Amino acid sequence: MESFITVSIDQLDELAAERDVRTDRGSLDELACSLITHGLITPLTVVPSDESDRYVINAGHRRRAALHRAAELLRANPDEFGYDRDSAETRAVELLGRVPCWVRPDLAGRESLTQLAENGDTRRGLSQAERYRGLQLAFSDGLDDREIAQASGMKLTQVRAARKTAGLPETAREAIAAGQLDLDTAAELQEFGDDPKAAARIVTKISQNPAQAPYVIAEEKRKRTTAAAAERLKAEAIIAGHTVRAEPKGGLHYGYHGPDELFVYLRHADGSELTPETDGKTEGHYAYVERGYSGPRLQYACATPEEHGHTRTRTTHYRSPAEVERLEAQRRAEEAQREALAAAVHVRGKFLRSLIGSQKAAAKHMDLLAAIVAQFPGTVTHYDRHRLAEELLPAPGQDWPPARLTHHAVAKALLGIDAVADGTSGWRYERPAALWWWQTLADLGYQRGDAEETHVAHLAAAAEAEAAERRAEEEIEAEEAADASDHPEPADDGDDDEHEMVCEPADDASPDTQEMNHAPAVPEAV
């Protein structure tokens with residue numbers, strides 16, 4: 001049962017530090033000034049203490065601190081508030097000596113829930129870190145998720161996500177408690193509960209740039225999927241009886257890292273090809289997982305082709321260790337960029353869905369269809385090469401009303417130019433289309449990820465290099481034209497020796513034709 005009392009501030013005790021959700025009271029001056037003018041409008045909520053005639057604050061710790069601050073301000077600067085020194089002291093004693101409180105014995109042991117639910121216009125809201133701390137306290141108090149959600153005004157899904165964070169690596173939980181990771185993003189980290197290193201990488205990158213959170217998580221999910229696929233391939237090769245090794249340093253794609261060579265570039269002495277079925281299990285031959293652009297795949301190689309009587313079909317070009325390392329670093333960087341772009345397309349796909357996800361949405365972007373068809377018609381044919389074409393392209397129906405036609409046309413145009421823009425499809429001459437589309441996406445409100453920014457920068461640099469090359473060629477042509485005008489070729493003066501043309505009859509010419517060839521010339525008319 002609740003009751004109302006007025007007590008001295010000295011009779012009120014703070015919560016134990018480990019039970020207090022707040023770690024920072026924030027600035028108190030604004031609230032203190034309001035208390036001087038209007039007094040404490042919202043009473044504190046307290047529970048009886050074990051000591052007689054004392055109470056523990058359940059809700060209102062910041063207001064208690066503000067009352068102390070109000071007394072300090074009054075005593076230090078009474079004129080500022082329209083008081084003389086005596087009346088200011090009287091007002092301070094009144095504020096500290098008569099603190100209105102609701103006594104709620106039923107809330108004993110439920111401080112975490114009360115602090116989450118507490119709200120008011122003049123108080124400072126809980127920070128993300130404080131809210132998370134309060135939820136953990138509520139969980140430890142044995143409160144159920146629905147009760148916490150109803151009391152705190154939070155979504156039930158958020159409360160459940162916060163409870164599940166107990167299974168996250170310590171780095172992730174620390175990031176949530178520090179306010180560097182929100183609960184919605186933390187819920188997506190559940191997938192990485194068994195991979196502390198991946199979770200730590202995600203948390204580190206998000207703490208550096210929170211806006212990149214969806215891209216960072218998408219990249220790590222793709223890495224996880226790729227790694228799982230690679231392990232499956234290794235297991236299949238081992239079951240088939242093949243020797244599996246790590247990928248040779250630098251890979252065998254370029255064929256200059258050593259004597260090893262891929263089956264595809266080797267032949268038996270009789271000219272027949274090497275195959276995994278016939279040669280993969282023999283000594284000196286092995287399989288490894290190559291992580292290519294389209295995903296991991298098994299490659300088969302021979303460690304010493306000449307010793308096994310194989311003939312190479314391509315030249316081996318050895319490189320120095322330093323050059324190999326440089327090329328390897330370049331390859332890793334390019335592979336990482338491709339992986340990041342492949343992951344980013346799923347984030348960008350959500351934005352594309354807002355443009356073409358329905359007939360109504362597509363109808364609003366007929367201007368994009370017109371601009372693409374007018375300026376870059378060739379890009380439309382690439383729509384089926386988009387990684388998300390099956391997901392985003394509307395399925396054809398039995399009939400084609402105008403709305404369906406519009407939806408299909410806009411979707412094809414946008415997917416086609418988007419495939420060209422991220423390098424999935426298209427040719428170098430379509431680079432202007434790619435740059436135009438990236439700028440158009442930005443104008444529509446899309447925020448590019450780091451990998452996309454790098455890709456756009458490369459496109460712009462390549463376009464500028466081509467433009468500089470064209471300008472240089474035009475300057476050379478202009479100089480040659482100016483030089484030709486300064487030094488014209490001499491005109492024909494008609495004094496050239498006249499050469500008589502003699503027509504010899506062909507061996508197979510008829511007699512009539514021969515007579516025509518030797519007929520006397522007709523004299524010119526005078």
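Student: Is tryptophan 436 buried, partly exposed or exposed, and what is its relative accessible area?

Tutor: This is a predicted model, so read every value as computed from it. Tryptophan 436 is partly exposed, with a relative accessible area of 22%. Buried means under 20%, so tryptophan 436 does not count as buried at 22%.

Student: Where in the chain do the two partners lie?

Tutor: Phenylalanine 376 is in the loop between α15 and α16 (389-392). Tryptophan 436 is in helix α18. They are 60 residues apart, and the pair links distant parts of the chain. Phenylalanine 376 counts as buried, at 16% relative accessibility. Ring pairs also bring in Trp437, making a cluster of Phe376, Trp436 and Trp437.

Student: How many residues does the largest nonpolar core have, and which have the most contacts inside it?

Tutor: The largest core has 33 residues. Those with the most contacts inside it are Leu352, Ile356, Leu414, Trp437, Trp438 and Leu441.

Student: Which helices each supply at least two residues of this core?

Tutor: They are α11 (213-239), α13 (321-356), α15 (366-375), α17 (402-421), α18 (431-443) and α19 (450-486). Helix α13 gives the most, with eight residues.

Student: What is leucine 414 in contact with, leaving aside its neighbours within four places in sequence?

Tutor: Leucine 414 touches Leu355, Ile356, Leu368, Ile372 and Trp437. A second, separate core has 26 residues, including Ile5, Val7, Ala92 and Val103.

Student: Now a helix. Which residues of α10 are buried?

Tutor: The general idea comes from the helical repeat. An α-helix has 3.6 residues a turn, so residues three or four places apart point the same way. In α10, the buried residues are Ala198, Ala199, Ile202, Val203 and Ile206. Seen down the axis of α10, they fall within an arc of 135°, so they line one face of the helix. On the other side, Pro196, Lys197 and Gln208 are exposed.

Student: What length does α10 reach?

Tutor: Helix α10 (residues 196-208) has 13 residues and reaches 18 Å from its first C-alpha to its last. That is close to the 18 Å expected at 1.5 Å a residue.

Student: Which residue lies over the face of tyrosine 265?

Tutor: Arginine 314 does, at 3.7 Å from the ring centre.

Student: How many helices and strands does the protein have?

Tutor: The protein has 20 helices and 10 strands. Of its 526 residues, 40% count as buried. Take contacts between residues at least 6 apart in sequence: 69% of them join residues at least 24 apart.

Technical notes:
Residues numbered from 1 in each chain as written. Predicted model: local features only at pLDDT ≥ 70, side-chain atom pairs only at ≥ 80, totals over all residues. Heavy atoms only, no water. Core = buried A, V, L, I, M, F, W, Y, C linked by side-chain atoms within 4.5 Å. Buried < 20%, exposed > 50% of the residue type's maximum accessible area, 1.4 Å probe, protein only. Helix = DSSP H or I, 4+ residues; strand = E, 2+ residues; numbered from the N terminus. Contact = heavy atoms within 4.5 Å. Phe/Tyr/Trp six-rings, centres within 6.5 Å; stacked < 30°, edge-to-face > 60°. Lys NZ or Arg CZ within 6 Å of the ring centre and 35° of its normal. Expected span 1.5 Å × (residues − 1). Arc of directions from axis to C-beta.
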